[in-house]
Amino acid sequence: MNRIFKPKLVSLIQHNLINKTTITKDLFAGVVVGIVALPLAIAFAVASGVSPDKGIITAVIAGFIISLLGGSRVQIGGPTGAFVIIVYSIIEQYGFQGLMISTILAGIILIGFGLLKLGTLLKFIPHPLTVGFTSGIALVIFSIQMKDALGIGSSDAPSQFIEKWVYYFHHIQQIDLNAVIIALASILITVVVPKITTKIPGSFIAILIISLAVNLTKVNVATIGSVFGNIPGGFVLEIPEVDWSNIMVYIGPAFTIAMLGSIESLLSAVVSDGMIGSTHRSNTELIAQGIANIITPFFGGIPATGAIARTATNVKNGGRTPVAGMIHALTLLLIMLFFGKYAALIPMPCLAGILMVVAYNMSEWKSFLSILRGSVFDILVLLVTFFLTVLVDLTVAIEVGIVLASLLFMKRMADVAKYPNNDIDTDVIENYSIIPEQIGIFEVSGPFFFGSAKEYVEWMKASGRKAKVLIIRMRHVPFIDSTGLHNLKEAIKNIQSGGTSVLLSGIQPNVRKELMKGGILNIIGETNLFSNFSDALKSGKEILKSLKIQ
């Protein structure tokens, strides 16, 4: 059990890595992240169809638990945009009691993932699938916020995507110009402020300025108070009423929450690892996420996971230990206790504008377009997942996407035999002693796809850190998918940032075509691409010579 679940905080304390210096930096970072998290916690809660205090409660309780027990040094937990449409859907179908039960079950599933050591396997989710449902979620969030941004007061807007937009066009005469102006002003402030200063989040400034202006000018627009009533300034213990005869109806939503939570949290942990040069414990992280999602609903919270943007903010402001995440939670707690009542004054169009910016940032449109330039298999997974998320259901999208990606991989493997066997790099290394120590060699053998990409990349990074030149031999790679392209590109950038030159040799024509579409050849340069290993080795020796290394 100790190998599966060992919080990072415990390890840091055992190795005396938490001291006065780190605590000082974590204190500052935690306060900053707490301020950043405040408007997002409120906005995600409102977008999910629950009162804003539930978002803050989630950020406080789940955020503290995830930092205290998690497997990452700098992970910041709380409500995220990824959960908005699934929470909205669950509440619409089963009410808040149903959401509580689904979240608790999701927590149990997450703990199960961790105990079964599935943390590593969950990293193998295909990139097109992740981009597909993330972009779909972003579009749904944007469409949900149009109602408040336009000031359409009716509450009978349909939940289905197409019907929702038909509804908007039928009620276009009800548009409130004041609401539109407030939403546009909120978007402008949220986007412009980070270009001026990164110390205070644009969303926080937008809420302060817009709320003050609306209340001073007495503009008649919907506010959090008019929609949700007064905001509680504390915690209330809630016990869900469980109808055990219907418990199975919550398994599907719970599984979706668990899958989304695990993917988001581990992705956030991987990103933060690259920022601070650390390594997270994926199974410990999943167990901590599970515990947080079991406990939080009893206090009125909603699903929580690791938040990439807030985690990155934590790192950029000096946070280096879980103490920063705990300070972030305590900061939010103090704000809720002493200033929570003022959240009722926030205009709904203001939150809509902030969430539209969030939707744009999480849309991953650049990755979406990049995948559309790739193979037909990846395009199919991307578009099927995207349209199912938008038009049908997120649970269905994830399940169908995983099955489709697996089936298409089998198809590609069956087609491998049809690829011409281009033995363009037949060089055999018989005597490694002739290769300079500062030249690393990494050979990829087999398809570079979503199931192997992570492992290949980790070994590449390890090889690259030990050398000044890294030669990646790809003569036995029959194909590469968009997940492989995405991971290879990130690995090459990481290796190059450490001052190591990367050379590729023995690339099959069809793989070369995919590397070109994926922009990898632009990163490496055509001059660092070789048809055989001998030429790559010769170039590597010339690079060492130019660096005056023998």
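Reader: Great. What kind of model is this, and how are residues numbered?

Author: This is a predicted model, where local features need pLDDT of at least 70 and side-chain atom pairs count only at pLDDT 80 or more, while totals for chains, interfaces and linings use all residues. Residues are numbered from 1 along each chain as its sequence is written, and side-chain values use heavy atoms, with hydrogens and water left out.

Reader: Thanks! How many helices and strands are in the protein?

Author: The protein has 22 helices and six strands. Helices (H or I, at least four residues) and strands (E, at least two) are DSSP runs, numbered from the N terminus.

Reader: Why does the radius of gyration agree with a compact globule?

Author: A compact globule of 550 residues would have a radius of gyration near 24 Å, and the protein has 25 Å, which agrees. The radius is taken over C-alpha atoms, and the globule rule is 2.2 Å times the number of residues to the power 0.38. Along its principal axes, the C-alpha trace spans about 80 × 55 × 50 Å.

Reader: What share of the residues is buried?

Author: Of the 550 residues, 56% are buried. Buried means under 20% relative accessible area, exposed over 50%, and partly exposed in between (1.4 Å probe, protein chains only).

Reader: And the contacts?

Author: Among contacts with a separation of 6 or more, 84% are between residues 24 or more positions apart. Contact means heavy atoms within 4.5 Å.

Reader: Let's zoom in on α8. Why does its length agree with what a helix should span?

Author: Helix α8 (residues 202–217) has 16 residues, which at 1.5 Å a residue should span 22 Å, and its end C-alpha atoms are 22 Å apart, which agrees. The expected span is 1.5 Å times one less than the number of residues.

Reader: Which residues of α8 are buried, and what do they pack against?

Author: The buried ones in α8 are Gly202, Ser203, Ile205, Ala206, Ile207, Ile210, Ser211 and Val214. The buried residues of α8 pack against α2 (20–47), α7 (177–196) and α14 (348–362).

Reader: What follows α8?

Author: Lys218 does, and its phi is positive, near 60 degrees. Lys218 sits in the loop between α8 and α9 (224–228), and it is exposed, with a relative accessible area of 69%.

Reader: Switching topic: is Ile90 buried or exposed?

Author: Ile90 counts as buried, at 2% relative accessibility, and lies in helix α4 (residues 84–115). Its C-alpha atom is 7.2 Å from that of Pro253, which is 163 residues away along the chain. Leaving aside neighbours within four places in sequence, Ile90 is in contact with Gly95, Gly98, Leu99, Ser102, Pro253 and Ile257.

Reader: Last one: where is Gln289 found, and what is it in contact with?

Author: Gln289 is found in helix α11 (residues 282–295) and counts as buried, at 0% relative accessibility. Leaving aside neighbours within four places in sequence, Gln289 is in contact with Ile66, Gln75, Leu110, Ser265, Ala304, Thr305 and Gly306.
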